[in-house]
Amino acid sequence: MNKLLMFMSFCALLWCTSCAKKEEEKEEEIKYLVTSPLKRDTTITNAYVSQIHAIQHIEIRALEKGYLQKIFVDEGQHVKKGQLMFQILPIQYQAELQKAQAEANFVDVEYKNTKLLADSNIVSKNELALARAKLDKAKAEVSVAQIHLGFTEVRAPFDGIMDHFQVRLGSLVNEGDLLTTLSDNSQMWVYFNVPEAEYLNYKTHAQAENMQHVNLMMANQQLFPHSGVVQTIEADFNNETGNIAFRATFPNPNGLLRHGETGNIQMTLPMKNALIIPQKATFEVLEKKYVFVVDKNNVIKSREITIAAEMPHIFVVRTGLNKDDKILLEGLRQVKENEKIQYKFIQPASVISNLSLYAE
């Protein structure tokens, strides 16, 4: 019986020793990957919601009152500069022109008779000058009547695309009534708002030619095949939003872009001595970004950071870290504040270049 008890005690001792050894080995096996921020020059691409406008977009309005007699174009049609678009019934203005021409002819005869008399010293030079003034007035009235008659023909002021009609054939239109709109889509003006800090970054590097070029991501998430150039920045910031408006000009040779579209401008800018960390090394609490920093005693502590820019898989840190800090790369959900850990340090350049390798 004593031998049996001794054997059982010996087995229990072996089991406890084995468990303790396994537990110790398990603790030794848990090593977290740790890295540091990478400091280097890089470029960032910022995206801005944009509004797309035709380089010329105007309203076509009636210049005279009358019935719309003819429409020579169609909605969505390309028209050429000077092409006849609308005809307003010209009967009244034709009659006014004929009346003015008849009056001018009558006054012209009077002037010629007065001139003959003046040449014979029968009438004074003042009377001849008065007849001449009447003739000039009559000719001016003819010119005015011709202009009014010309206003009954509405022609395209430039090459462009017709919008939908605001009136129909036979409609009575008054002077100033909207007929349609016309857009010149050969080039497009794209407007977007830039925050103050990013505006300052842009102006700092605007001397470099490649910094003025931007790209356009269209509403279907396809990149517009032609790049644009930032040509205009508004004079003042919007005090309510802290933004300033930029305008980029894009060529539109195939007419793909139309007035009123939306998209996203992508503008690339360089960043000097940027502090870069993997996105996977961060976590979020109440919309604030944090990382776990490992101190000299291998104890982890959370630290809030602010983000200057976001790129695929990485963040550019504005504040909260320096290049010598050690941050936890993986296992963020497995550790606790003030916990002492064992870790393996990975060089930051290797981490950044192999992010997919270290993805959880």
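Predicted model: local features only at pLDDT ≥ 70, side-chain atom pairs only at ≥ 80, totals over all residues.
Residues are numbered from 1 along each chain as its sequence is written, and side-chain values use heavy atoms, with hydrogens and water left out.

**Exercise 1.** State how many aromatic pairs the structure holds, and describe the pair of Tyr-199 and Phe-237.

*Solution.* Step 1: rings of Phe, Tyr and Trp (its six-membered ring) pair if their centres lie within 6.5 Å; planes under 30 degrees apart count as stacked, over 60 as edge-to-face and the rest as tilted. Step 2: there are eight aromatic pairs in the structure. Step 3: Tyr-199 and Phe-237 lie 5.3 Å apart, centre to centre, with 85 degrees between the planes, an edge-to-face pair.

**Exercise 2.** Determine whether Tyr-199 and Phe-237 are buried or partly exposed.

*Solution.* Step 1: buried means under 20% relative accessible area, exposed over 50%, and partly exposed in between (1.4 Å probe, protein chains only). Step 2: Tyr-199 has a relative accessible area of 19%, so Tyr-199 is buried. Step 3: Phe-237 has 28% relative accessibility and therefore counts as partly exposed.

**Exercise 3.** Identify the charged residue that sits over the ring of Trp-189.

*Solution.* Step 1: a charge sits over a ring if NZ of Lys or CZ of Arg is within 6 Å of the ring centre and within 35 degrees of the ring normal. Step 2: the residue is Arg-247, whose charged end is 3.8 Å from the centre of the Trp-189 ring. Step 3: Lys-326 likewise lies over the face of Phe-345, 5.9 Å from the ring centre.
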